[in-house]
Structures are given as C-alpha cells and as structure tokens.
Number of protein chains: 2
Amino acid sequence: MAARRSAGTGEVLVVGGGIGGLTAALAMARAGLGVRVLERAGQFAELGAGLQMAPNASRVLDRLGILQRVTEAGVLPRRLVLRSALTGRELAALDVGGRFRRRYGAPYVVLHRSDLLAILVDACAAAGVSLHPGKDVLTVTDHGDRVCARCADGTAYRGIAAIAADGLHSRLREMFADDAPVCSGFVAYRGTIDISQENIGEVTRCAALDEVVAWIGPGLHFVQYALCSGTVCNRVAVFRSRQYAAGEQDWGTPGELDEMFSACCPQVRAAMTALWRDRRWPMYDREPMGRWARGRVALLGDAAHPMLQYLAQGACQAIEDAYVLAGKLACCAGRDGSHLVPRALAEYEQARAPQAMRVQRTARLWGDIWHIDGAGAVLRDELFAYHRPGSYRYTDWLYGPVTEREERA
Amino acid sequence: MAARRSAGTGEVLVVGGGIGGLTAALAMARAGLGVRVLERAGQFAELGAGLQMAPNASRVLDRLGILQRVTEAGVLPRRLVLRSALTGRELAALDVGGRFRRRYGAPYVVLHRSDLLAILVDACAAAGVSLHPGKDVLTVTDHGDRVCARCADGTAYRGIAAIAADGLHSRLREMFADDAPVCSGFVAYRGTIDISQENIGEVTRCAALDEVVAWIGPGLHFVQYALCSGTVCNRVAVFRSRQYAAGEQDWGTPGELDEMFSACCPQVRAAMTALWRDRRWPMYDREPMGRWARGRVALLGDAAHPMLQYLAQGACQAIEDAYVLAGKLACCAGRDGSHLVPRALAEYEQARAPQAMRVQRTARLWGDIWHIDGAGAVLRDELFAYHRPGSYRYTDWLYGPVTEREERA
C-alpha cells in the first residue's frame, strides 16, 4: 500500500479538522506550506453551541484575515459579568468594549461554533488546503525524514510533519504519554433558543444581549450570552454531580440538574427550561504535560492541553497554538525546508507549552473559585468587590500579546 | 437553712470568678452596687497563658482604672501579623501602634491571664467586692423580688440579681437553653518559655518581640507573642484533628500535633518543641443565642456566648459585657433600686447580644479562613494582599466604641 504524497515539496498532515486543526491548516497554508487535513467524521462539523473568542485568539483570526466574517457571525459583548447564582447579585465585571479592545489589539467575540467552523472550512479551501473528511487516522509513523499517517480505510498519507489536533481523546497523544482524561465530576447541559419579540423579556431577564453573564454558586454555574448577530441566546448549565461522587454509573442526569439548580435565584431557575435534555457533556481535562513535539510529530489544541472550560480558553489556546506553529514551520516551506521540521516543532512546543499548561491549571482553579462554598465564597465575593471592571490585573497574562507575556516571564 | 444576705441594700451575686465575672464585679462595685463573687475553685486562678486584650476591652479596663497595671504587666505590640505557616511569607498585617490607639481610644495589649486575674482580684478587693472561692453554686432561684444561690457546701446567698459568669460549661445557662457546647474538632497546645540571652535568637526567628504573629495554614495555625514585659514568650499551636474526624476517642494527641505541623516552614517547626505536651485544650463554642436575661438572672461572657478563639475576643467580649451590665444596673444601687433589676438586665441583653453573636459567628468564619485550603487559600492570600496595615476596614465593627457601632447599626 503506497502512501500518497503531495506532488511538490512535501506537505504537513493535520490529523483532526476541528477549530484547532483547521486554524493550524489555514495558518500554515498562509505561511506557504502545503497542508492536508484528515478528519475522522464524514463532514467538518462542531458539536455544542456558543464559543467565546478572547482577544488572544481573535487577534490570530484577524491576522488570518477572517476576523470580520467572525464578528459578523457573532456578537461583540460589552461586559463579562459574574453574578451570584443564589442571590442574583453582581459580584464582578470586566469591560470588554473599546478600551479593552485597544489594549489587546482585538475584540472579545462570542459566536456559534458551527459558524466559526464554516468560516474556517471556507478559508482553508480558498487557501489551497486539502480537506479530507472520513479519514480516521489510526497511526502516524515518524520515519526520520518524513511521516506517514495510516487511516482506517486503508489509505495512507506522507508528509514532512504530522500535527495531531485530534482532541481530548487524542489517539496520537499515545505517542507522548500514557495518560488518560481526568473526569471533573461536573456535567454541562447546553441549549440555544431563538430570540423573538415574545421571549426577549424572559431572555434579557438573565443577561443583557451585550453581556456574557456567568451565575456562579456552590457546585454549579450557569452562563448566558447572545450569538448569531444577537438572534440566538446561548445557555450552559454546569454542576458537580453528587451521583458521580457517590460512584454511580448514570450520573449528571436531568433530575439531578433540576435538583441542583432549585436553590438558585428565580432568573436562573427560569432559564433552565431552555436547555437540551437529551444530551449532556461530562467535563474532562488532563494533567498538564510539557512534551508535545518529538521529531516530526506534534500535538495541538485539546490533544496537547485539554482544559476545563471555566476560562473559555479551549478553542482560544488551540488557535494560539496554530499561529505559533505556523510561524515556526514557515521556514520549512519550499524544497529544502523539510530538514528544519523537528527543530521548528520543538520551538513551537517551547513557545506554547508553559502558557498552555498555566491556562490548564488556572482553569481548574477558576472553576474551584466559581464553585466554592462557605468561607471560600465569602473570601471570593470580598475579593471580587475590589476588582474594577476596567482593571487588566487578571487578564493581561491571558489576553496579552505573546511577546508581552514572554517579556514578563 | 437561712440564706445569708448583705446587711445593706441587697447585693448582686456573681457566679464565677474568672476574667468576666471579676470585671463585672469590679465594674458594678464602681457603679455603687454591693457585689459578692462565688467561685467554685478553691482560689481565683486562670488556666492557660497569653491573653490578647483588644481596645474594645482595654478601653473598659482604662475606665475601671486598671489599664496602667495591665500594660505594665503585659506588652504593647506594634503589629498583628498573619503569615503562611507553609512558606513563612507575610500575608497581611495590622498596625496597632499609636494611630490605632488613637482611633480606638485604647491600646492593644497582650499579657498573661494570671496577671490580669491578679490585677482584677486586687482591684475587686479594694473596691469592696466580697470574694468567695470554694463556692460551687448548684442552683439559682429567682423569687421575683430577689434571687437565692445555693452552693454545694450547703451555704446559700440572697441578692437582688445573679450574674452567671460560669464559663463554657455554665450550669446556669440551663435556665435559658438546653444546648450543649459544640466541638470544633480542633485542639490547642500551649506553652511559655522564658526569654533569655541564650534563646532570644530562636524566639525572635518566629516573631519579633513587638509583634503578635499567627502562622496560618490548611487545618492548622501557630501563634506567638511576648508576655510579661517582654520576658516570656507565649506560643499556641492549633490543628484540626483527623483522629476526631475519624470518630476516635483519644484525639488531638501529641503525635498528631507533630504530624500536622511537619508540613510547616522551619521557623514554625522549630517552635513546636516549647509547647507543653501534658495538657491540651479541645476547642468548643456554642450556637449563638440571643436570650441571656430573664427576671433577675443574666448570663455573661462564655456562659452567654462562648466563642472560638480566632478573633482573640473571648475575654474581650466578657469585659464588654461587664461594662455594659454595670452601666445598666447602676440605677439599681441604693435602697429603692431593686425593682429596676429585671429591666436593667433586659437592656443589658439587648445592648450586648447582637454584637456578641456576631463575634461568635465571625470567629467561626475567621477560623475557617485561617485554615482554608486549595482555591480558598488562593483567594484569601490574594484578598489579604489588598489589605493595608493602616486600614480599619475589618476592625471598626469589633474594636470601635459601642456608640459608633450602634450608630452604624
């Protein structure tokens, strides 16, 4: 079985066509590399609903030339707000309007995951990326001077590098570690509803259309924001499952959802009805790991650093990965560049791993802070009261340009 | 068996001759009342070692004319400091020097409990208080126009009022509630060492002689300060007993002490050696209760509001009680005052109970904050970093004059 290869100077194989894989493909194509994306599913599609795009990611989309389409498909919120899920009281807010945009050089955008994926697919196709749905990559072999990816359908592809963007349950991560996803014991329910004249009162009771609001409380939280140019309301309810803690197989059930949120303030309780109840998302991450690149193979996005969603940075960190990766691999384009690949991937790892690991750890901490009870909740609320909506004290490390972060490190 | 009574206009019986009881006796004597103190023990004595006297209490001692003797026997610290027991890092501090003294109209003093008790005994005797050690009061009966206290030795005393200052395990509290002390599962080890040329280096490694330092960490803390005009070092180590949590009978053992503190920084570990190991103090409080006075009987100090020691306010609140009580009862002195007693005691309760209950609750919270772990400790340290040593944000409610507190309430 002969492996196919590109006619020209060797191409980069991207395993996984989600947001991270496609952004990497687009960025590498723009950097002059030949790119082939192998996606297991029969089509390019995203599960879930809303996605928050912080400036560390939207800045990349801007450089890739797709930010305008993204902002048109999404919403530019004015504020991120934390409220008590129990009392409804506002605990802290972050202004993400003009001043924030100027500081970080890009906007905070929220949009539908499907919309972002469609934009990326279009842009990849236009940039000459080869897109192959239905390609379930079973193994990648590093032959020293090239890689070979073998798929479940018997096909194989050669390339100068393989980028594993195959998500939380990454098969290719096994080349780097024998770890497993870590279950948080939390589960998410999601839902979207169209915003109409009839329900806009009920929708905006929970959050203004130009706000991303998280209602936080002991062992639970609820997030709402508008999507799709303000025509759709996105909702996520998350809670710590007592059934999981008790070792039950069937945990995080809709009954448990209702019971957990029954203690919340009326605005949050009323919003529960709009959640999808036939599907739920148990929440996993992995222990941070600093080794992502070896030879001609590297991990990207959730395959490298799956994280809990509390900082809304899963996709954002994957997009940062993509941009840095493309920058490092740019020198490998062209006839004589292939031998530079291992070094470029090592540099990509060095540039990205410390920050991504920090985000993984901080996401866990931030979740603990959201869900804390007792004296911890008293401390949190008191600390949050010190925070000014215009302060960048807690966001510079995350949203600031890479160069600034590196200077401070 | 005829009950003895004072020859003149009827006296107030104080059941319990600890710090609260004696301060009440002294204050009432100064207010013109006849006072008799009935103390179960064979002599007036205090267990334990160091005692912190915050301005809400030292202000009272000043008005009673004994502050100078108290400060001569004690130490006036310059700062209260919170440090991490794990890393040794300073987390927050409160300046309690001149500016603090001016704000609250009295100093922060630390002294030996025995020294304060001796000063109170002397002052009571000089003020004409009848002091009766060896009087174990079994019952107090309220006859409407008088009270009668009956002792284990068969004696009985009549008076116009009975003040129960018989501590955490108050027998007379049973007249008001059928509650029981609440065990915190924490235990304290104490110790004092004389400060000499030989050991002063080791002593001041933990805390300067003009500082009260609490080293706080997950499930434990350690406090050090100097006493006795700076010649004695007072130490207290407190921890949450895992043996208690596991339901064991013998809990909070010296072995557990050593194990718990083995995770602390070297300065704290080194200080463990100076603790007494043959005696330990399991820590109790009770649920806050607002009803302390009925007819001619009222509770005072730990009998009314036993509290965990994290705010160092047990004795201070008792001293505040004493002063308010004497002020309310002053009108009952003299031939025709006896009928005013029930109303005066009710006013005492109204004036003191809300604040004392708040202190009880806040002491629990403050202990939880000291001993918190994980995300809570991160929040605490971050919040503490906002605190300025000259800020009165968290002390006005506690140390401020009663009138100011009442104005704010």
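Is B:Y310 buried or exposed? With a relative accessible area of 5%, B:Y310 is buried. Keep in mind as you look around that this is a predicted model.

**An edge-to-face pair in chain B**
- B:F186 and B:Y310 have ring centres 6.5 Å apart and planes at 80°, so they make an edge-to-face pair.
- Strand β12 (residues 182-194) of chain B holds B:F186, while B:Y310 sits in the loop between β18 (297-299) and α10 (314-329), so the contact ties together parts 124 residues apart in sequence.
- B:F186 counts as buried, because its relative accessibility is 8%, under the 20% limit.

**A stacked pair in chain B**
- The rings of B:Y189 and B:F239 are stacked, at 6.3 Å centre to centre and with 15° between the planes.
- B:Y189 belongs to strand β12 and B:F239 to strand β15 (residues 232-240), both of chain B, so this pair ties together parts 50 residues apart in sequence.
- B:Y189 is buried at a relative accessible area of 1%, and B:F239 is buried at 0%.

**A ring cluster in chain A**
- Over in chain A, ring pairs join A:F100, A:Y104, A:Y108, A:Y392 and A:Y399 into a cluster.

**Charges over rings**
- In chain A, the charged end of A:R83 sits over the ring of A:W215, 5.5 Å from the ring centre.
- In chain B, B:R83 lies over the face of B:W215, 5.5 Å from the centre of that ring.

Methods: Residues numbered from 1 in each chain as written. Chains lettered and ligands numbered in written order. Predicted model: local features only at pLDDT ≥ 70, side-chain atom pairs only at ≥ 80, totals over all residues. Heavy atoms only, no water. Phe/Tyr/Trp six-rings, centres within 6.5 Å; stacked < 30°, edge-to-face > 60°. Helix = DSSP H or I, 4+ residues; strand = E, 2+ residues; numbered from the N terminus. Buried < 20%, exposed > 50% of the residue type's maximum accessible area, 1.4 Å probe, protein only. Lys NZ or Arg CZ within 6 Å of the ring centre and 35° of its normal.
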